[in-house]
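Welcome! Have the sequence and the 3D view at hand as you read.

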Amino acid sequence: MATLEIENLQAAVAEEDGEQILEGVNLEVKSNEIHALMGPNGSGKSTLAKVIAGHPAYEVNGGSIALHLDDQDVADIDEDLEEDDLHWELLELEPNERAALGIFLGFQYPKEIEGVTVTNFLRQALNAKADEREELFEDEEDDEEQEADAEDEAGYDSSPMEGPSDDGEIGVAEFQQRLQEQMQLLDIDGEYAQRYLNAGFSGGEKKQNEVLQAAVLEPAVAVLDEIDSGLDIDRLQDVSEGINALRDEQGTGVLQITHYQRILEYVEPDYVHVMIDGEIAKSGGAELANRLEDDGYDWVREEVYGTA
Ligand code: ADP
Ligand code: MG
């Protein structure tokens, strides 16, 4: 069980006199929960997603983003862990370290990478995550031991046949099996794994690939920014099933950013939040999304700020 706890988060565009965008965001997302974050264009939703992931375009000038883990979340770590290893301030960490701890950001406009297959990309991403995790949780005593080992090893040559060590890396065959399982779960055609990442993918395939990536990386919390934009109804249903599976099969906590209520018919949120002018102006259950669909956002503005 992981909890992402955002408190009074404030962020501005990282340039001189950069515009203040987030004005004190409070939000808590736990494992197994689906949160929908809605709000008019320009209210700061994508900025929040990027700040959680550690995007350098923004400067955080107040508040905190804590990630609390439990023993189960670190069951893969082969170290003596202490209480400290379960509580992290993400603002002190690099984007790749945040990802290694279990934060996943699905992009609104995924990149195309010619020459790298979906399989290779995902296997590399998974191995990079595992390596980064080991580094994050490695304790200082171990560092000293490793230095001592390195000195010992320097004494004799290792065989040229040995090849690079790949401690803890997932092998090709094991990975392929895992990928096939995830693809079946998401109802993705098998040949897709050998295509180049996003190259010539339709908008829908790109989004499905983002969900597949999340399924493979098994994040604690997945932040999905407008994953529903530009999808036809069939693809929207596939992507939605994938998001539900993340929660149901892996216990992932989902922060689903969306401008439209439509996807929420397929991915039923436990909580709905409305962001206006860089703040969460109102939170509620699924019924809040229905009211927004019928009445738009002005009534929230009126209720909260007394102006439309
Ligand atoms: P949303 O996703 O809710 O539509 P955004 O977070 O993308 O909103 O943007 C919020 C506001 O911040 C907008 O006015 C946008 O123009 C501005 N903004 C966001 N990122 C930047 C940036 N990198 N540079 C300048 N302005 C930005
Ligand atoms: Mg946006």
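Asn32 sits in the loop that runs between strand E2 (20-30) and E3. In this predicted model, Asn32 takes a positive phi of about 70 degrees, even though it is not a glycine. The points below look at that feature first, then at the sheet, the ligand and the confidence of the prediction.

- As background, most residues other than glycine have a negative phi.
- Glu226 is another non-glycine residue with a positive phi, here about 45 degrees.
- You will find Glu226 in the loop between E7 and H7.
- Glu226 has 21 other C-beta atoms within 10 Å, so it is buried, the cut-off being 20 or more.

**The sheet**
- Six strands form an open sheet with mixed pairing, in the order E6-E7-E8-E3-E9-E10.
- Which strands stand at the edges? They are strand E6 (103-106) and strand E10 (279-284); each has a single partner strand, so one side of each is left without a neighbour in the sheet.
- From one strand to the next, the twist averages 20 degrees.
- Inside the sheet, strand E7 (residues 221-225) pairs with strand E8 (residues 253-257) in the parallel sense, over 5 bridges.
- Val223, for example, has Leu255 in E8 as its bridge partner.
- Helix H7 (residues 233-250) packs on this sheet and touches strand E3 (34-38), E7 and E8. The direction of H7 makes about 155 degrees with that of E8.

**Around ligand 1**
- The residues surrounding ligand 1 include Val13, Glu19, Ile21, Gly39, Asn41 and Ala57, along with Gly42, Ser43, Gly44, Lys45, Ser46 and Thr47.
- Which element gives the most to this shell? Helix H1 (residues 45-53) does, with 3 residues.
- Sorted by class, the shell holds 7 polar, 3 nonpolar and 2 charged residues.

**How confident is the prediction?**
- The protein chain has an average pLDDT of 88, and 90% of the residues score at least 70.
- Residues 155-165 stay under 50 in pLDDT, and the model has 0 contacts beyond four places in sequence for them.
- Where pLDDT is low, the predicted coordinates should not be read in detail.

Definitions and conventions
Residues are numbered from 1 along each chain as its sequence is written. Chains are lettered from A and ligands numbered from 1 in the order in which they are written. This is a predicted model: local features need pLDDT of at least 70, side-chain atom pairs count only at pLDDT 80 or more; totals for chains, interfaces and linings use all residues. A residue is near a molecule or strand if its C-beta atom, placed from the backbone, lies within 6 Å of it. Helices (H or I, at least four residues) and strands (E, at least two) are DSSP runs, numbered from the N terminus. Ala, Val, Leu, Ile, Met, Phe, Trp, Tyr, Cys and Pro count as nonpolar, Asp, Glu, Lys and Arg as charged, and the others, Gly among them, as polar. Two strands pair if DSSP finds at least two bridges between them. Axes are lines fitted to C-alpha atoms, for helices over the stretch in contact, and angles run from 0 to 180 degrees between N-to-C directions. Two residues are in contact if their C-beta atoms, placed from the backbone, lie within 7 Å. pLDDT is the predictor's confidence in each residue, from 0 to 100. A residue is buried if 20 or more other C-beta atoms lie within 10 Å of its own, exposed if 12 or fewer, and partly exposed in between; C-beta atoms are placed from the backbone.
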